Amino acid sequence: MASAVDAVGDPIPTSAVLMASAKHIATKCKGENVAFLKCKKDDPNPEKCLDKGHQVTRCVFGLLKELHQRCTKEMDAYAGCMYYHTNEFELCRKEEKELKKACPWE
């Protein structure tokens, strides 16, 4: 897998990185996600929910940065496994367990 961070050191949100951090995102960015989905449900005009969408994106990027700083080795191993196995969770349980131990999402 190519580098998981860009030139500035920020994590690159590839599908493998997002899948590997999905449980963290579901826990840490729940409020932003719920607000965005409620907005989309209440108003079909996409422009009305841009701010809520930006809040979700900001939360996810902040979380990815935090995971990369706190659990670099475990996050890279899990994302690398997900990349190698085309995002098959079942084939990466060992790496998931190590990430959860280093950076719990609950």
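**Cysteines, burial and overall form**

Student: Is C59 buried or exposed?
Tutor: A residue is called buried under 20% relative accessible area, exposed over 50%, and partly exposed in between, with a 1.4 Å probe and protein chains only. The relative accessible area of C59 is 15%, and C59 is therefore buried. This is a predicted model, in which local features need pLDDT of at least 70 and side-chain atom pairs pLDDT 80 or more, while totals for chains, interfaces and linings use all residues. Residues are numbered from 1 along each chain as its sequence is written, and side-chain values use heavy atoms, without hydrogens or water; by its relative accessible area, C59 is buried.

Student: To which residue does a disulfide join C59?
Tutor: A disulfide is a pair of cysteine sulfur atoms within 2.5 Å. The S to S distance here is 2.0 Å, and the residue joined to C59 is C29.

Student: How many residues apart in sequence are the parts that C29 and C59 tie together?
Tutor: The disulfide of C29 and C59 has -95° about the S-S bond and is left-handed. Helices are DSSP runs of H or I with at least four residues, strands are runs of E with at least two, and both are numbered from the N terminus. C29 lies in the loop between helix 2 (22-28) and helix 3 (30-42), and C59 in helix 4 (residues 50-70), so the distance in sequence is 30 residues.

Student: Why is the disulfide of C39 and C49 left-handed?
Tutor: The sulfur atoms of C39 and C49 are 2.1 Å apart. This pair joins C39 in helix 3 to C49 in the loop between helix 3 and helix 4. The disulfide is left-handed because the torsion about its S-S bond is about -95°.

Student: In which loop is C92 found?
Tutor: C81 and C92 form a disulfide, with sulfur atoms 2.1 Å apart. This pair links distant parts of the chain, 11 residues apart: C81 is in helix 5, and C92 is in the loop between helix 5 and helix 6 (93-102).

Student: What is the pairing of the bonded cysteines, numbered in sequence order?
Tutor: The count comes to four disulfides. In sequence order, the pairing of the bonded cysteines is 1-4, 2-3, 5-8, 6-7.

Student: Is M75 buried or exposed?
Tutor: M75 is found in helix 5 (residues 72-84). Contact means heavy atoms within 4.5 Å, and M75 touches V17, A20, S21, L67 and L99, not counting residues up to four places away in sequence. With a relative accessible area of 5%, M75 is buried.

Student: What pattern does the protein follow along the sequence?
Tutor: The C-alpha atoms fill a box of roughly 40 × 30 × 25 Å along the principal axes, and 30% of the 106 residues count as buried. The secondary structure comes to six helices and zero strands. Along the sequence, the pattern is α-α-α-α-α-α.
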